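Subject: Structure handover

Hello,

Here is the structure you are taking over. Please open it beside this message and follow along.

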Amino acid sequence: MPVSDEDWAVIHRKVTQAGLLPAKSVRERLLELPDIDLLIDAAKSIGKKGMLDAATLDALLGEMKPIQRPVKEENVVARTIAPVSAPEPSPAPRMHELDDYRLVDFPMKAKDIDAEISIHFDITGKSVTEGRKEDIRSCFNDRLKQIRRLILDGGLPNRPMKVNELLRRKRSISSVDEMATVIGIVSDSKNTKGGHLRFTIEDDSGSVDCMLGLWNEDDACSDIVHSGLMDDDVIGVTGHFPQGRDDLRVDDIHFPPLKMHNRNTAGEDRAVSVAFISDLHLGSKTFLEPQWHKMIEWFNKDPLAETIRYLVISGDGVDGVGIYPGQERELNIPDLFNQYSTLGTMLQGLPEWVDVLLLPGNHDAVRPAEPQPALDPELQTDYNNTLFVGNPCDFSLHGVRVLSYHGVSIMDFVSSLRTVTFERPEAAMKAMIDRRHLAPSWGGKTPLSPEPEDRLVIQEIPDIFVTGHVHGHHTESYKGVTLVHSSTWQDQTSYQRMLGFQPKPCILTVVNLHTHATAAIPFV
Ligand SMILES: [Fe+2]
Ligand SMILES: [Fe+2]
């Protein structure tokens, strides 16, 4: 049976199970969708069932979340996306004259500074889960314990009680003067017709239904009513049971506190830079190879590049094989080993003073469940100056703490929180920091490995937080944390074109570890 028939069988089953009957005329288009689940989600969200013809498919694609469009950013010149077949790009602009990124801030060259990398967390070689129910229970109990401690550190209006105690004392918690607080895990979050937010809170003693009302737009909680909550968030709630009601009327919600983060900096005698990219997707026909060589040339010639001591690649270095139906039609390197050896060769063009940290993503040849371990040693043979780490990886460079996470869970944040869109992945990153978790929802788009200790909890606030995966680009300081959404090196794919999704490729983000000044350098 040809591969496309096998792919079609899977898609056909999923689509029909969702109550849609695919017409022959849309078969090819459906085969080109890397994630049929997104389409099914869109159909469910508007209650669409029945014949799936071209018009219905167009309507469903239009129902998907708002998608990425070009956004004006500081320090990024206006540009259009170059196709792979474009003529050789012109030399990179001399971007080191940026106002906030001056060579005078770098008294020494990166080649004169010894590397100083400390790894605080990397799952490689440390995964102990057997995927049993007990492991899942233990992972969630540990998450609850860790985030509960953080919430308690922030102070609460009263001593939190267990859910079973709350239910037992319901009659005495019947007014705003007698409110009680519980801390637990969220499920079934949804808005009512009146715009209020309903959800359930559960701890190891029981569960209670909650109602967070949109009583007052000025209320601090109104933002949460508008955004919604993630399944499996850990939060505290303070509220009471109005007479005759079994659901807790929530008057306040508690997340772990985050005051302005006091970021660490490398000493003046260690004033070097770290650069960030992600999602090269080498091996795909849409890998932007001329733009890659343009960056390599810049690295070897530009004075600003002499300040860059590290390059962090946050996953999807290669496109992989068998990642989505019909992928073989989009590859120009169909062999996985060949993809990795070509990536190693491409990286060898970097100056010898640049150390690379390479994480895996969902396209890489490691288990998809997060936390993901580093690439297998047999795939590492063609690399120089490269440190292979897991995803996520929490590490320090000259004392500056960096949390790098590929970012698959951004899709769960987009489908769960109304304030997050693919156009603004930084909103998902802020939501991760606010709830101190990289991927809270079990059973969503992000495969999770139930380790007995939940290491997707953000235990220490990083100085730099970096993600990729959705092929956008953004830099911002959020509550003292430097946020970097790393740019891709892949041109718009046919799937993205069909969705009208505009990636922002070929932008190198550079951060001065001494001052935290950032620069975004385009190579298009
Ligand atoms: Fe990617
Ligand atoms: Fe990815």
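This is a predicted model: local features need pLDDT of at least 70, side-chain atom pairs count only at pLDDT 80 or more; totals for chains, interfaces and linings use all residues.

**Domains**

The domain assignment divides the protein into domain 1 (3-63), domain 2 (96-116 + 261-403 + 419-428 + 460-522) and domain 3 (155-254). Note that domain 2 is written as several stretches of sequence. Between the C-alpha centres of domain 1 and domain 3 the distance is 38 Å.

**The second largest pocket**

Where does the second largest pocket lie? Its lining takes residues from both domain 2 and domain 3, so the pocket lies between these two domains. The volume of this pocket is about 640 Å³. Its lining is made up of 28 residues, and I224, F255, D434, R435 and K479 are the closest to the centre.

Three elements, α7 (222-227), β8 (248-254) and α11 (425-435), each contribute at least two residues to this lining. The most comes from α11, which gives five residues. By type, the lining of the second largest pocket has 15 nonpolar, six polar and seven charged residues.

**The cavity**

The structure has one cavity of 30 Å³ or more. The largest cavity has a volume of about 50 Å³. Its lining consists of C139, F140, R143, H437, A439, W442, L448, S449, P450, D454 and L456. Of these lining residues, seven are nonpolar, two are polar and two are charged.

Helix α8 (289-301) has 13 residues, which should span 18 Å at 1.5 Å a residue. The buried residues of α8 are P290, Q291, W292, K294, M295, I296, W298 and F299. They pack against β9 (273-277), β10, α9, β18 (507-512) and β19 (518-522).

Helix α9 covers residues 336-347, 12 residues in total. From the first C-alpha to the last it reaches 17 Å, close to the expected 16 Å. Which residues of α9 are buried? They are Q339, Y340, S341, L343, G344, M346 and L347. Among the elements that cover them are α8, β10 (308-314), β11 (355-359) and β12 (386-388).

One residue of β11 can be looked at on its own. D355 lies in this strand. Is D355 buried or exposed? Its relative accessibility is 17%, and the cut-off for buried is under 20%, so D355 counts as buried. Leaving out residues up to four places away in sequence, D355 touches A115, R309, Y310, L311 and N385.

**A contact across the sequence**

V176 sits in the loop between α6 (163-168) and β4 (180-191). In sequence, V176 and H240 are 64 residues apart, but in space their C-alpha atoms are 6.3 Å apart. V176 touches H240 and also D251, again not counting residues up to four places away in sequence.

Most peptide bonds are trans, and most residues other than glycine have a negative phi. The items below are exceptions to look at in the viewer.

- E370 and P371 are joined by a cis peptide bond, with omega about 5°. P371 is in the loop between β11 and β12.
- N391 and P392 are also joined by a cis peptide bond, with omega about 0°. P392 is in the loop between β12 and β13 (393-397).
- D188 is not a glycine, yet has a positive phi of about 50°. D188 belongs to strand β4 and is partly exposed, with a relative accessible area of 48%.
- C506 is not a glycine either, and has a positive phi of about 65°. C506 is in the loop between α12 (494-499) and β18. With a relative accessible area of 0%, C506 is buried.

Regards

Definitions and conventions
Residues are numbered from 1 along each chain as its sequence is written. Chains are lettered from A and ligands numbered from 1 in the order in which they are written. Side-chain values use heavy atoms; hydrogens and water are left out. On a 1 Å grid over the protein atoms alone, a cavity is a set of points where a 1.4 Å probe fits but cannot get out, and a pocket is an open set with protein on both sides within 12 Å along at least five of seven lines; lining residues have an atom within 4 Å of a point. Grid points are joined across faces, edges and corners, and a volume is the space filled by probe spheres set on the points. Helices (H or I, at least four residues) and strands (E, at least two) are DSSP runs, numbered from the N terminus. Ala, Val, Leu, Ile, Met, Phe, Trp, Tyr, Cys and Pro count as nonpolar, Asp, Glu, Lys and Arg as charged, and the others, Gly among them, as polar. Domain bounds come from an automatic or database domain assignment. The expected span of a helix is 1.5 Å times one less than its number of residues. Buried means under 20% relative accessible area, exposed over 50%, partly exposed in between (1.4 Å probe, protein chains only). Contact means heavy atoms within 4.5 Å.
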